[in-house]
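User: I am new to this structure and would like to go through a few of its features. Please take the questions one at a time.

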Amino acid sequence: MKLTKHEHACVVFEKDGESIVIDPGSFSSEAGDIIGGAAAVLITHEHFDHVNGDAINQALAQRPDLRVYAPSSLAGTFAAHAGQFTAVAAGDTLTAGGFSVSVHGSTHAVIHPDIPVIPNVGYFVDEAVYHPGDAFYVPDVKVSTLLLPTSGPWMKIGEAADYVRAVKPDQTLQIHEMLLSDIGLGLAANLLGEDGLTGTPLTQIPAGQSLTV
């Protein structure tokens, strides 16, 4: 299947003429176009960098066939299109646009003890690619490609390295990197790549580019 990386944590999966989108957030200026003709939008959690509510609601209004899957905490965001929204939680499975998806994990990583912890789920697509959202939850599955967060107020590089070691994927693809400068991107590549702390190949691709997974 084809995976297209967009800004921050947003990715699009395509195969057999169908597509699904995970986490089209407010950092994606073309979120409406990214959603495009997708069969479904999957959202890991409610933070604005993972969900562009305006763009998704507009797409739902224009396309009654579009479906949104997300934690129940997002039901209010899409209340105007309740019939197109499905709440998901750990242990659920679903089929969207010809893709099989299983749901893993339940909570966002701790940012600070003073900030309440919110729901967060990860999505395992076609028994191959895992998108963890904002958490380092280790799913009990064999992951071929791990979409690896490399920057955010909830994490540090050492935790990302330990996460790769725990999941043991064949390869990682960098996501959640918008806060990194060019120097930071280089540091992440050095520390989290095959010759760094993980021993696992790390791919970094600009927004809008694709690869086969």
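User: How many cavities of 30 Å³ or more are there?

Analyst: The model is a predicted one. A cavity is a set of points where a 1.4 Å probe fits but cannot get out. With the volume limit set at 30 Å³ or more, the count is one cavity.

User: What volume does the largest cavity have?

Analyst: The residues that line the largest cavity include His 47, His 108 and Pro 116. The volume of the largest cavity is about 50 Å³.

User: How many residues in the lining of the largest cavity are nonpolar, polar and charged?

Analyst: Among the lining residues are Val 110, Ile 111 and His 112. By class, the lining has seven nonpolar, three polar and no charged residues.

User: Are the rings of Phe 136 and Trp 154 stacked, edge-to-face or tilted?

Analyst: The ring centres of Phe 136 and Trp 154 are 5.1 Å apart, and rings pair if their centres lie within 6.5 Å. Planes under 30 degrees apart count as stacked and those over 60 as edge-to-face. The planes here are at 55°, so the pair is tilted.

User: Is Trp 154 buried or exposed?

Analyst: Trp 154 lies in the loop between β11 and α3. Buried means under 20% relative accessible area. The relative accessible area of Trp 154 is 6%, so Trp 154 is buried.

User: Which residue has its charged end over the ring of Phe 99?

Analyst: A charge sits over a ring only if it is within 6 Å of the ring centre. At 5.0 Å from the centre of the Phe 99 ring, the charged end belongs to Lys 15.

Key:
Residues are numbered from 1 along each chain as its sequence is written. This is a predicted model: local features need pLDDT of at least 70, side-chain atom pairs count only at pLDDT 80 or more; totals for chains, interfaces and linings use all residues. Side-chain values use heavy atoms; hydrogens and water are left out. Rings of Phe, Tyr and Trp (its six-membered ring) pair if their centres lie within 6.5 Å; planes under 30 degrees apart count as stacked, over 60 as edge-to-face and the rest as tilted. Helices (H or I, at least four residues) and strands (E, at least two) are DSSP runs, numbered from the N terminus. Buried means under 20% relative accessible area, exposed over 50%, partly exposed in between (1.4 Å probe, protein chains only). A charge sits over a ring if NZ of Lys or CZ of Arg is within 6 Å of the ring centre and within 35 degrees of the ring normal. On a 1 Å grid over the protein atoms alone, a cavity is a set of points where a 1.4 Å probe fits but cannot get out, and a pocket is an open set with protein on both sides within 12 Å along at least five of seven lines; lining residues have an atom within 4 Å of a point. Grid points are joined across faces, edges and corners, and a volume is the space filled by probe spheres set on the points. Ala, Val, Leu, Ile, Met, Phe, Trp, Tyr, Cys and Pro count as nonpolar, Asp, Glu, Lys and Arg as charged, and the others, Gly among them, as polar.
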